[in-house]
Amino acid sequence: MRASSSCSLLTQRGNDNPLECVAFRAALLSMTSDALREVRVLRPKRAAPADAVRPTRAEVNLAALRANLRTVRGFADGAAIWAVLKADGYGHGAPAVARTLERAGVNGFCVALFEEGVELRDAGIRVPILVMGGYYGGVHYEIVRRGLVPVVYDLAQVEGFARLVRSGAIDGPVRVHLKVDTGMARLGVTMRQLPQFVTAIAQMEEVCVEGLMSHFASADEWGSDDTERQLALFDEVRLVLRHAGIVPALCHVANSAGVFRKMGNMDAVRPGIALFGVSPFASGDAGPQLQQAMRVRTEVVALRDVPAGERIGYGGSYITRRASRIATVAMGYADGLPRLLSNRGDILVRGRRSPIVGAVSMDMTMIDVTDIEGASVRDEAVVMGAQEGEYGRGFISAAEIASHAGTVGYEVLTSISRRVPRFYREP
Ligand SMILES: *Cc1c(COP(=O)(O)O)cnc(C)c1O
């Protein structure tokens, strides 16, 4: 109907240049309403590479990002790829990741927060950016002004955008993506609210439903049939919208696991973790060949030889069973090495695994290098990723760390703290 045809026009313009997809009134200066105020965006500062004194750093391999994008694309059945870069690009640094993926031909980005969208726009990203979280407090105007696409799931959000158009502050319609809850019970219009919601939004000329989305709860579990159920509900939702004259140009539901299982590859897909080379599957099953993009390395900063029976670290939770050589490495839980790795995880030195001994402390961790003959202060110590050295090639995956810490690779990646500078490398 009327709303959807003007929406598709907007979409086409958006594809050319999302920053110009909405026209603005020139009378910005006369706007005094609270809704139009300039927004200061919270931006926590991370240690910059140039400030790095300590040898602890996260290295992000940009070629791995591109290779993973190709792998994901190979599974996506021609769907547009809208890469998910929430939480600072899963800890990799969203602007650098976005620039790399944009150049590699990604079709759009998804972020959780308005602030994250602003960061990408400020970094010069031109492709569409979808803000998925839906907290638009006083920033409706800024969302539109910055060419960000809001996800909506309640009428108050939609009304906020409609009001802006009615006030003349912006030209409508504002394109939005509608989120429906098909089984995650987190965000989205519920199936019960849907008929009423759709009736209301279909009558609003100020917004157009460019996209329709939902999110999988269990796509990473091979045995579950939740995903089929969610897809069936999603089809119902499309019918309800169609009856109201709304035919979204972009339907999307698949996360990384969905793409690899070829479940929900529609107009677009929303992969996140797979682009960073970490398996989305709960089993840690790598599925397709992915390349872990992040490598976290530090160095041995101290070495000591201790007799058998020596207590190591806080609480003496490790007691040496033999005369041992203990190395201290410059990374601790405040950097994102989970304390749950105390007496459990390994760290690579000279290409070989050395066990973590004693409690991981805030800034440092001790490892037993008795079997790494020649281990010295200044040796590289790899906490996550690959290392080649005189004793061979070792690899520690995010999934391995996650399994020790009772969590998922997602949390391991996003926990590498802002104290750790990110360095970007081509191969
Ligand atoms: C995080 C997220 C994704 C991406 O999930 P991955 O498992 O990292 O691929 C997709 N959609 C939504 C709504 C998300 O929150």
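This is a predicted model: local features need pLDDT of at least 70, side-chain atom pairs count only at pLDDT 80 or more; totals for chains, interfaces and linings use all residues.
1. A polar contact is a pair of N or O atoms within 3.5 Å.

2. An oxygen atom of the ligand lies 2.8 Å from a backbone N or O atom of Gly-272. For Ile-273, a backbone N or O atom is likewise placed 2.8 Å from an oxygen atom of the ligand. Ile-273 is also listed among the closest of the 14 residues that surround the ligand, together with Lys-86, Tyr-90, Ser-256 and Tyr-410.

3. On confidence, the chain has an average pLDDT of 90, and 90% of its residues score at least 70. Two stretches call for caution in reading. Residues 1-6 have a pLDDT below 50, and this stretch makes 8 contacts in the model beyond near neighbours in sequence. Residues 8-32 also have a pLDDT below 50, with 37 contacts beyond near neighbours in sequence.

4. The largest nonpolar core comprises 119 residues, and Leu-101, Phe-109, Leu-120 and Leu-178 have the most contacts inside it. At least three of its residues come from domain 1 (62-276), and at least three from domain 2 (294-396). Another core, of 6 residues, lies apart from it and includes Ile-312, Tyr-318, Ile-326 and Val-357.

5. The surroundings of Leu-101 may be examined individually. Leaving aside residues up to four places away in sequence, Leu-101 touches Leu-65, Leu-69, Ala-83, Leu-85, Val-106, Phe-109 and Leu-275. Phe-109 is itself one of the residues with the most contacts inside the largest nonpolar core.

6. Gly-74 belongs to helix 2, which spans residues 62-75. Gly-74 counts as exposed because its relative accessibility is 60%, against a cut-off of over 50%.

7. Ser-279 is situated in the loop between strand 9 (268-269) and strand 10 (294-306). Despite this loop position, Ser-279 is classed as buried because its relative accessible area is 17%, and the class requires a value under 20%. A polar atom of the Ser-279 side chain lies 3.0 Å from the backbone nitrogen of Phe-281.

Technical notes
Residues are numbered from 1 along each chain as its sequence is written. Side-chain values use heavy atoms; hydrogens and water are left out. pLDDT is the predictor's confidence in each residue, from 0 to 100. Contact means heavy atoms within 4.5 Å. Helices (H or I, at least four residues) and strands (E, at least two) are DSSP runs, numbered from the N terminus. Buried means under 20% relative accessible area, exposed over 50%, partly exposed in between (1.4 Å probe, protein chains only). A nonpolar core is a set of buried Ala, Val, Leu, Ile, Met, Phe, Trp, Tyr and Cys residues joined through side-chain atoms within 4.5 Å. Domain bounds come from an automatic or database domain assignment. A residue is near a molecule or strand if one of its heavy atoms lies within 4 Å of it. A polar contact is a pair of N or O atoms within 3.5 Å; within protein, one must be able to donate a hydrogen and the other to accept it, and residues adjacent in sequence count only if both atoms are side-chain atoms.
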